[in-house]
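Q: Could you go through this model with me, one topic at a time?

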Amino acid sequence: GGGVVRLEVQFADSSGSCSTSGDLISKGGVSAADTKHYQLWYRDPAGSPCGSGFNLTNAVRANFST
């Protein structure tokens with residue numbers, strides 16, 4: 001359950017890499033003892049499922065504490 005929140009838009013470099021220095025705590029509305037899941041949604045015109053033009057990375061879970 002829960003909704004999807006776009007935290008930021010990044011553009012990959014020529015090698016396909018990108019990174020962020022964004023603050024997940026403030027942008028993501030994180031509170032003490034929260035568990036959040038993060039996943040990247042990216043363009044993938046050549047290898048996307050069903051020709052949709054995008055794909056998703058594996059998700060990661062982050063547990064926040066006080």
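Q: Is glutamate 8 buried, exposed or partly exposed?
A: Glutamate 8 is partly exposed, with a relative accessible area of 33%, where buried means under 20%, exposed over 50% and partly exposed in between, using a 1.4 Å probe and protein chains only. Please keep in mind that this is a predicted model, in which local features need pLDDT of at least 70 and side-chain atom pairs count only at pLDDT 80 or more, while totals for chains, interfaces and linings use all residues. Residues are numbered from 1 along each chain as its sequence is written, and side-chain values use heavy atoms, with hydrogens and water left out.

Q: Which residue forms a salt bridge with glutamate 8?
A: Lysine 27 does, and the closest N and O atoms are 3.9 Å apart; a salt bridge here is a side-chain nitrogen of Lys or Arg within 4 Å of a carboxyl oxygen of Asp or Glu. The pair links distant parts of the chain, since lysine 27 is in helix H1 and glutamate 8 in the segment before H1, 19 residues apart. Helices (H or I, at least four residues) and strands (E, at least two) are DSSP runs, numbered from the N terminus.

Q: And how exposed is lysine 27?
A: Lysine 27 is partly exposed, at a relative accessible area of 43%.

Q: How many salt bridges does the count come to?
A: The count comes to one salt bridge by this rule.

Q: Changing topic, how much space lies in the largest pocket?
A: The largest pocket holds about 1500 Å³ of space. A pocket is an open set of points on a 1 Å grid over the protein atoms alone, where a 1.4 Å probe fits, with protein on both sides within 12 Å along at least five of seven lines, and lining residues have an atom within 4 Å of a point. Of the 34 residues that line the largest pocket, Leu7, Glu8, Gln39, Leu40 and Trp41 are the closest to its centre.

Q: Which element gives the most to that lining?
A: S1 gives the most to the lining of the largest pocket, with four residues, and H1, S1, S2 and strand S3 (54–56) each supply at least two.

Q: Trp41 came up there; where does tryptophan 41 lie, and is it buried or exposed?
A: Tryptophan 41 lies in strand S2 (residues 41–43) and counts as exposed, at 59% relative accessibility.

Q: Last one: where is alanine 33, and what is its phi?
A: Alanine 33 is in the loop between helix H1 (24–27) and strand S1 (35–38), and its phi is near 70°, a positive value in a residue other than glycine. Alanine 33 is exposed, with a relative accessible area of 63%.

Definitions and conventions: Points joined across faces, edges and corners; volume = space filled by probe spheres on them.
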